[in-house]
Each structure stands twice: as C-alpha cells, then as structure tokens.
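Subject: The structure, and some notes on it

Hi,

Here is the structure I promised to pass on.

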Amino acid sequence: MNSFDVVVIGSGPGGYVSAIRCAQLGMKTAIIEKYATLGGTCLNVGCIPSKALLASSHHVDEIKHFADHGIELPGDVKIDLEKMIARKQAVVDQTCGGVKFLMDKNKITVFEGVGSFENATTINVTKNDGSVEQISAKNTIIATGSKPSSLPFITIDKERVITSTEALKLKEIPKHLIIIGGGVIGLELGQVYLRLGAQVSVVEYADRVLPTMDGAVSKELTKVLKKAGMKFYTSHKVQKVERNGDAVLVEALNTKNEVISLDGDYALVCVGRRPYTDGLNADKAGVKITERGQVEVNDHLQTSASNIYAIGDVVRGAMLAHKAEEEGVMVAEQLAGQKPHIDYNLIPGVVYTWPEVAAVGKTEEQLKAENKEYKVGQFPFKALGRARASSDLDGFVKILADKTTDEILGFHIVGARAADLIAEAVVAMEYRASAEDISRMSHAHPTFAEAIKEAALAATENRALHV
C-alpha cells in the first residue's frame with residue numbers, strides 16, 4: 001500500500017493549491033480526482049469556461065458600437081456558436097493541462113478515481129474499470145466541492161431544463177432562455193446569451209437580484225441589464241417547470257398571488273449549489289456531516305476526525321474558488337506547524353457581467369442591521385475621463401467607512417474592471433486603512449482606479465473633486 005503524508009480528495013482550486021503547498025512544505029502528497037481532467041468544477045464547468053464565453057460574447061456586444069469609433073464593418077456580424085464553444089473548450093483544456101503540469105512539477109502523485117474512506121487513515125480509490133486501490137494517509141484534506149442545486153419539483157433533463165454545466169455547451173442560441181435564480185451564475189450566463197441574441201428572462205424569489213450583495217449594486221446592475229433587454233421577475237416564487245417537446249413552461253407566483261407564465265425553449269436552473277460528499281463514506285472515518293450536507297469543521301478546518309480536514313465549497317462559508325485556495329494553503333501550513341490565518345470578511349466577491357460587480361467587507365444593509373454608525377462615499381464612473389474615452393460609463397464605486405474612526409468597512413464597485421479594482425480595496429482593508437488614507441494616495445490618470453480615490457474623498461468630508 002502506498003503511504004502519503006497528505007492525501008487530497010478533489011482537484012479543484014482548493015484541492016490542487018493545497019496539494020502544491022503541502023508539497024512545497026516537504027510533505028509526500030497525493031491527490032485523488034474522479035474525472036479524467038484536473039481542476040474541478042471551476043476549471044472544467046465553472047469559472048474558466050463561463051469567463052471564456054463572457055469574453056467572446058463581449059466582443060459581439062462591442063461590435064455593435066464600432067460605428068461610434070469610426071469603424072465600419074464590411075457586412076453583418078455572424079455568430080458561429082459551435083466555434084465559440086470550441087474556443088471555450090480549448091481554454092479549459094489548456095488550463096486543466098496546466099494543473100497537471102503543476103502536479104508533475106511538484107512531484108504530487110495523481111490518482112484517477114473516486115476517493116472514499118475505509119477508515120480515518122485508509123482511502124479507497126475506485127477506478128473507472130471498477131478496480132480498487134488502497135492508499136494510506138497520515139492526513140487527508142477533503143476538497144470535493146459542490147454541485148448545482150435544484151428545486152424538488154423540477155426535473156433537470158439536461159436538454160431543455162438545464163444547469164450551468166449544460167449552458168456552457170449548447171448547440172444553439174436559445175430563442176427565449178428562462179433563468180430560475182438571479183444570482184451570480186444566472187446573471188453571467190444570462191448576459192452571454194442575451195448578447196448572442198436570445199430573449200432572457202430572470203425569475204428570482206427575493207425582491208432583487210444578487211440579494212446577498214449591497215442593495216445599490218443590485219439596483220445599478222439591474223438597470224443596466226434591463227436597458228440591454230434582460231427581463232426581471234423579482235419576488236416571484238417558481239411553482240412549476242414543465243417541458244413539452246422543445247418548449248418549456250415556467251409558472252411563478254407573484255406578491256399578489258397571481259400566476260405568471262413564461263414560455264421559452266430553455267430553462268436554466270440557477271438556485272445555488274450544494275456541498276458534494278456523495279460516495280465519500282465520511283462516517284467510516286468518523287467525519288461528521290451537518291444537516292445542510294456540509295462537512296463539519298472547527299476554526300482550523302479540522303473535522304471531527306483529528307487528522308482529516310475539509311476546505312472549499314464542501315464546508316461553511318462562501319462558495320468561491322479563491323476562498324477555497326486560501327483554506328487549502330491554511331491547512332497545509334498548519335500541518336507544517338505554521339500559524340496562518342484567514343479573515344473571511346475580506347474575501348472579495350465578483351460578478352463577471354459587464355459592467356462587472358465586485359465587493360468586499362460589509363454591505364450597507366449589514367451595517368444598518370448591526371446598528372453601526374457609518375458614512376458613505378460614492379463616485380460615478382461616468383465622471384471619469386478614462387470611462388468616457390472607452391464608453392464604459394455605467395456604475396460607481398461606493399465606500400462605507402466608520403463614522404467615528406474613518407476605517408473602511410465595505411467596498412462596493414459596479415463598473416469596468418471592477419474585478420481587478422477590488423484588489424486595492426482588499427489590501428486597504430487588510431491594513432485597516434481609513435477612507436482618508438486612500439484619498440491621499442496618488443492614483444494614475446486617466447484610469448478607472450481614480451474612482452476609488454474619488455469615492456474615498458467623498459467619504460472624507462464630501463471632498464470628491466470631479467463630481
């Protein structure tokens with residue numbers, strides 16, 4: 001039986017990063033992945049392929065405005081969806097291949113198969129041919145991720161009633177795509193197909209899309225997407241999803257108890273994700289699973305079995321690739337005797353629509369609920385020279401700061417390059433910067449980052465210069 005210091009079950013961003021850090025710290029490391037490619041949901045059917053399609057569809061959207069820049073095309077724009085999907089897959093293949101390279105580089109043994117516990121130190125690897133190989137693990141890190149959730153009355157046939165996985169490889173552009181759930185995944189994939197010519201309707205149970213983000217952010221993105229043609233049905237409870245041939249019927253109840261019917265050719269179910277522990281046999285290792293299906297862990301990400309840890313989507317907290325990576329590194333460094341730390345309040349969240357949305361820290365709604373006295377500084381992108389130059393006028397930067405100490409409590413951005421701009425906010429909050437600290441730092445001109453300085457000035461005695 002092969003023996004390892006650490007065995008990681010699952011090769012998503014949390015799993016493979018954790019394995020690399022363990023190997024860097026001198027541990028004999030193995031990783032188990034049931035699929036033929038490494039990278040987990042994120043690289044194969046999540047973060048990377050969706051961003052590839054968003055990039056392709058963004059080009060389609062930009063072409064509509066070429067004439068404004070004095071660029072005349074010779075003819076009508078034609079969309080080759082098959083080629084677009086193929087490009088997406090090429091990006092995925094290259095990225096997953098890169099993970100395999102990193103495993104080889106760091107001398108990490110890769111097992112292809114389903115990993116399950118025989119006991120707390122013995123793991124069975126069940127391969128595709130049915131054979132089982134047992135390996136011994138001094139320590140194990142569970143990084144099995146998550147799967148798309150559904151509603152009890154919905155039958156997902158993966159043809160017309162689909163999840164995000166199928167939405168990444170459609171054979172045709174939908175005529176009318178009905179999206180159930182107005183969260184990050186639904187809005188991103190909705191914008192992809194809206195740009196390609198589909199009618200897109202979003203049905204959301206909450207009173208707004210992106211319900212966990214700051215209300216001002218939700219309102220701004222809704223306004224922009226509505227202007228582009230996306231339709232929203234918020235405060236609607238889906239009651240029925242029925243397929244009839246190539247047609248899909250979605251019925252939802254509004255706040256007046258009226259039934260609203262939507263007819264489309266595809267229904268995309270985006271009502272969240274669930275932790276994935278199927279086939280893990282956690283009980284055999286003494287690992288507890290909560291009522292919500294998560295692996296129960298303490299503040300050190302240690303399970304009820306002292307030599308077994310769990311990270312990422314399969315444990316409590318936000319289901320984000322970068323959160324999983326930080327947890328994977330933390331566990332590896334703890335095993336090496338170090339004392340790492342994660343501030344979960346400072347894990348940023350990003351929506352890769354255009355304009356992008358990014359946030360870190362507290363929302364205004366949270367601060368109100370906590371009876372925290374705060375001040376707001378907000379600056380619109382349309383007041384920036386760089387934004388006007390590139391016609392990226394939508395959105396704003398919003399800074400929430402403590403009313404007494406001026407320490408930044410929350411950062412919320414809707415606008416071009418928000419996904420990259422949020423890094424400045426994370427750095428500032430990691431070092432407990434005040435709004436005035438940022439307002440006194442030089443920001444290059446002309447850049448989108450100037451909006452951050454201006455929002456900080458607005459939070460500092462309403463001193464914004466360009467609005």
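Let me begin with Ser146, which is buried, at a relative accessible area of 3%. Keep in mind throughout that this is a predicted model. Ser146 belongs to strand 7, which covers residues 146-148. Its side chain makes a polar contact of 2.7 Å with the side chain of Asp313. If you leave out residues up to four places away in sequence, Ser146 touches Thr41, Arg273, Arg274, Pro275, Tyr276, Asp313 and Met319.

On to the overall layout.

Now the charged pairs. The structure has 21 salt bridges, and here are a few to click on.

- Glu188 and Lys51 pair up through their side chains, at 3.2 Å from N to O. Glu188 sits in helix 6 (residues 184-195) and Lys51 in helix 3, so this bridge ties together parts that are 137 residues apart in sequence. Glu188 is buried, at 5% relative accessible area, while Lys51 is partly exposed, at 23%.
- Glu220 and Lys223 form a salt bridge at 3.3 Å, N to O. Both are in helix 7 (residues 215-228), three residues apart, or about one turn of the helix. Glu220 counts as buried, with 13% relative accessibility.
- Glu242 bridges to Lys240, with 3.5 Å between the closest N and O atoms. Both partners are partly exposed: Glu242 has a relative accessibility of 39%, and Lys240 has 31%. There is also a network, in which salt bridges that share partners join Asp157, Glu159 and Arg243.

Glu242 turns up again with Ala247. Setting aside neighbours within four places in sequence, Ala247 is in contact with Glu242 and Gly264. Ala247 lies in strand 13 (residues 247-253) and is partly exposed, at 38% relative accessible area. For a sense of distance, Ala247 and Ser50 are 197 residues apart in sequence, and their C-alpha atoms are 25 Å apart in space.

Next, Gly113. You'll find it in the loop between strand 3 (109-112) and strand 4 (114-119). Is Gly113 buried or exposed? Its relative accessibility is 3%, so it counts as buried. Apart from neighbours within four places in sequence, Gly113 is in contact with Ile32, Glu33, Lys34, Val125, Thr126 and Lys127. Ala419, on the other hand, is 306 residues from Gly113 in sequence and 35 Å away in space, C-alpha to C-alpha.

There is a nonpolar patch on the surface too. Which residues form it? They are Ile71, Leu73, Val77 and Ile79, which together have about 290 Å² of accessible area. Leu73 is in the loop between helix 3 (47-63) and helix 4 (81-105). Leu73 is partly exposed, with a relative accessible area of 39%.

Finally, some backbone details, starting with cis peptide bonds. The bond from Trp354 to Pro355 is cis, with omega near 5°. Pro355 is in the loop between strand 18 (349-351) and strand 19 (356-361). The bond from His445 to Pro446 is cis as well, with omega near -5°. Pro446 is in the loop between helix 12 (435-439) and helix 13 (450-459).

Ser235 has a phi of about 55°. Ser235 lies in the loop between strand 11 (231-233) and strand 12 (237-244), and it is partly exposed, at 24% relative accessible area. Asn281 also has a positive phi, near 55°. Asn281 is in the loop between strand 16 (273-275) and strand 17 (308-310), and its relative accessible area of 34% makes it partly exposed.

Cheers

Methods: Residues numbered from 1 in each chain as written. Predicted model: local features only at pLDDT ≥ 70, side-chain atom pairs only at ≥ 80, totals over all residues. Heavy atoms only, no water. Patch = residues over 30% accessible without salt bridge, like charges linked within 9 Å, V, L, I, M, F, W, Y side chains within 5 Å. Areas by Shrake-Rupley, 256 points an atom, 1.4 Å probe, with all protein chains shown as cover. Salt bridge = Lys/Arg side-chain N within 4 Å of Asp/Glu carboxyl O. Helix = DSSP H or I, 4+ residues; strand = E, 2+ residues; numbered from the N terminus. Buried < 20%, exposed > 50% of the residue type's maximum accessible area, 1.4 Å probe, protein only. Polar contact = N/O pair within 3.5 Å; in protein donor to acceptor, adjacent residues only side chain to side chain. Contact = heavy atoms within 4.5 Å.
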